[in-house]
Amino acid sequence: MPKPYSGPIIDAHHHLWDLGLGRHPWLAATAGERGGLGELGPLRRNYLPADYLRDASRHNVVATVHVEAGWAGDDCIGETRWLETLDKSRGVAARYVVHVPLANRQAPALVEAQAAFDRVVGVRDILSWDPHPARRFAARDGIMDDPAWRAGLYLLAGHRLVFDLMVFPRQLAGAARLAAAYPDQLFVLNHCGSPIDRDADGMRAWREGLRLLSQCGNVAIKISDLVAYDHDWTLDSLKPVVMHCIDCFGTQRSIFGSDFPVAGLHASFDAVYDSFKAIAGELSADEQTALFFGNARRIYRLDDISSAGLLPA
């Protein structure tokens, strides 16, 4: 009988925000839907380290990676400065994946400034675009082919910064071309490649696109927010998605992450991680440790985190 994982966890993807700062325009009551997530009302509340720790209390989370949370685009460094003020004693937001608008003419200075923070280990500039306005995250299509944007991307490897890649399945072939063109850049695909179209054709396109992208050895995958586009999910509906990700990328290039509080629109934190543990339970102990802890520790440079949490200075 497989034993559910009980070891240390690095949550490789979550968000924090203080709406009193007025820096998250996508969460304004007048902003409307975004990215096909549905009604965003439940997210319009502060989500701070204490809230995360309460949600994660049943699980052995020893550290987390904070991913940029849609902070106002004209002040991306403001989010990093704010994160620096938060309590790190419990490992929440031990590392940051920050935002830089890579096509901006100020991108070189912004990358330099962000990389100067010790906890910054990656950059995300969301590329997810869909013809339907309510499903879009990115402002325009074709960003990853823009020479100015690519020039910004080129800067990251020199600072040892991962690029968190967020696209829809229709963009996975382009993402594979991008990864092949930048072999020295490490990419981490977010949210399993966002399988938003759940009919047979949509899921086939996602599976094929993911297989193609996985052939690039410089791409890893975050198995996160499986419920974003599977609102009526069951363990049986989640398992084929998780296992296809692992089948494509292997247990050394796959990472689990909660995407809380966004995933909380459709599942509790316990449901998210209990599902991961149930699905991964048929894998070996070493493989499970890699998925829940080791791969995130390596990719996001969490060398100061042990299986028991923060190492003594």
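**Salt bridges, ring pairs and the nonpolar core**

D51 and R54 sit together in helix α1, which covers residues 49-55. Three residues separate them, about one turn of the helix. In this predicted model, the two side chains form a salt bridge. The closest N and O atoms of D51 and R54 are 3.2 Å apart. D51 counts as buried because its relative accessibility is 16%, and the cut-off for buried is under 20%.

Side chains of opposite charge can pair when their charged atoms come close. Across the whole structure, the search finds 19 salt bridges. Another of them joins D141 to R170, with the closest N and O atoms 3.8 Å apart. Both residues of this pair lie in loops. D141 is in the loop between β4 (120-124) and α4 (147-154). R170 is in the loop between β5 (162-165) and α5 (172-181). The pair therefore ties together parts that are 29 residues apart in sequence. D141 is partly exposed, with a relative accessible area of 37%. R170 is also partly exposed, at 45% relative accessibility.

K222 and D164 form a further salt bridge. Here the closest N and O atoms are 2.7 Å apart. K222 belongs to strand β7 (residues 219-224), and D164 belongs to strand β5, so this pair ties together parts that are 58 residues apart in sequence. Both K222 and D164 are buried. Salt bridges can also share partners, as they do for R23, D74 and D75, which are joined into one network.

Y52 has 0% relative accessibility and counts as buried. F269 has 2% and counts as buried too.

W149 and F163 form another ring pair. The planes of W149 and F163 meet at 80 degrees and the centres are 5.6 Å apart, so this pair is edge-to-face. W149 lies in helix α4 and F163 in strand β5, 14 residues apart. Both W149 and F163 are buried. Ring pairs also build a cluster. Its members are Y5, Y52, F256, F260, F269, Y273, F276 and F292.

In soluble globular proteins, nonpolar side chains tend to be buried together. The largest nonpolar core of this model has 112 residues. Helix α7 (residues 235-249) gives the most to this core, with seven residues. F163 and Y300 have the most contacts inside the core. F163 is the residue that pairs with W149.

Methods:
Residues numbered from 1 in each chain as written. Predicted model: local features only at pLDDT ≥ 70, side-chain atom pairs only at ≥ 80, totals over all residues. Heavy atoms only, no water. Salt bridge = Lys/Arg side-chain N within 4 Å of Asp/Glu carboxyl O. Helix = DSSP H or I, 4+ residues; strand = E, 2+ residues; numbered from the N terminus. Buried < 20%, exposed > 50% of the residue type's maximum accessible area, 1.4 Å probe, protein only. Phe/Tyr/Trp six-rings, centres within 6.5 Å; stacked < 30°, edge-to-face > 60°. Core = buried A, V, L, I, M, F, W, Y, C linked by side-chain atoms within 4.5 Å.
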